[in-house]
Amino acid sequence: MKKCPFCEESIQDEAIKCKHCKEFLNNNGNMHNNVKRLTRSRDDQFIAGVCGGLARYMNTDSSLVRILVVVIALMTGFLPVIIGYILMAIIVPEGN
């Protein structure tokens with residue numbers, strides 16, 4: 001048995017994911033470096049960094065994501081896109 005470096009709970013020695021805090025572990029007990037996480041962008045932001053974060057997550061240009069958001073807003077009405085954007089700005093953590 002070993003302790004999870006994130007929550008300090010006891011886990012199996014061969015565990016790759018903590019059953020308590022759900023964090024992924026590598027052989028050293030650290031989080032995997034290749035885990036992809038959705039975060040808001042600090043340096044590529046227009047309003048709250050949601051489109052910049054989505055662009056980084058999808059490995060595409062942020063201008064393309066912003067254009068896509070505007071097209072979706074025009075096609076569906078602005079209210080669903082505004083509500084979705086506000087929810088993502090609140091829920092998605094800010095990255096680097």
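Student: Which residue takes a positive phi just after helix 1?

Tutor: Asn 59 does, with a phi of about 55°. Before we go on, keep in mind that this is a predicted model, where local features need pLDDT of at least 70, side-chain atom pairs count only at pLDDT 80 or more, and totals for chains, interfaces and linings use all residues. Residues are numbered from 1 along each chain as its sequence is written, and side-chain values use heavy atoms, with hydrogens and water left out.

Student: How many helices and strands does the protein chain have, and what pattern do they follow?

Tutor: Helices (H or I, at least four residues) and strands (E, at least two) are DSSP runs, numbered from the N terminus. Here there are three helices and two strands, and along the sequence they run β-β-α-α-α.

Student: Where is Thr 60 found, and what is it in contact with beyond its neighbours within four places in sequence?

Tutor: Thr 60 sits in the loop between helix 1 and helix 2. Contact means heavy atoms within 4.5 Å; leaving aside those sequence neighbours, Thr 60 is in contact with Ala 55 and Val 65.

Student: Is Thr 60 buried, partly exposed or exposed?

Tutor: Buried means under 20% relative accessible area, exposed over 50%, and partly exposed in between (1.4 Å probe, protein chains only). Thr 60 counts as partly exposed because its relative accessible area is 31%. Across the protein chain, buried residues make up 25% of the 96 residues.

Student: Which residues of helix 1 are buried, and what covers them?

Tutor: They are Val 50, Cys 51, Gly 52, Gly 53 and Ala 55. Their cover includes helix 2 and helix 3.

Student: How should I read a nonpolar core, and which residues make up the largest one?

Tutor: In soluble globular proteins, nonpolar side chains tend to be buried together. A nonpolar core is a set of buried Ala, Val, Leu, Ile, Met, Phe, Trp, Tyr and Cys residues joined through side-chain atoms within 4.5 Å. The largest one here has seven residues: Ala 48, Val 50, Cys 51, Ala 55, Val 65, Tyr 85 and Ala 89. Helix 1 and helix 3 each supply at least two of this core's residues, and helix 1 gives the largest share, three residues. Apart from this core lies another, of five residues, including Cys 4, Ile 11, Ala 15 and Leu 25.

Student: What is Ala 48 in contact with, leaving aside neighbours within four places in sequence?

Tutor: Ala 48 is in contact with Arg 40, Ser 41, Tyr 85 and Ala 89.

Student: Now for pockets. What volume does the largest pocket have?

Tutor: Rolling a probe the size of a water molecule over the atoms shows where empty space is left. On a 1 Å grid over the protein atoms alone, a pocket is an open set of points where a 1.4 Å probe fits, with protein on both sides within 12 Å along at least five of seven lines; lining residues have an atom within 4 Å of a point. Grid points are joined across faces, edges and corners, and a volume is the space filled by probe spheres set on the points. The largest pocket has a volume of about 310 Å³. Of its 16 lining residues, Ile 47, Cys 51, Val 69, Val 81 and Tyr 85 are the closest to its centre.

Student: Which helix gives the most to that lining?

Tutor: Helix 3, with five residues.
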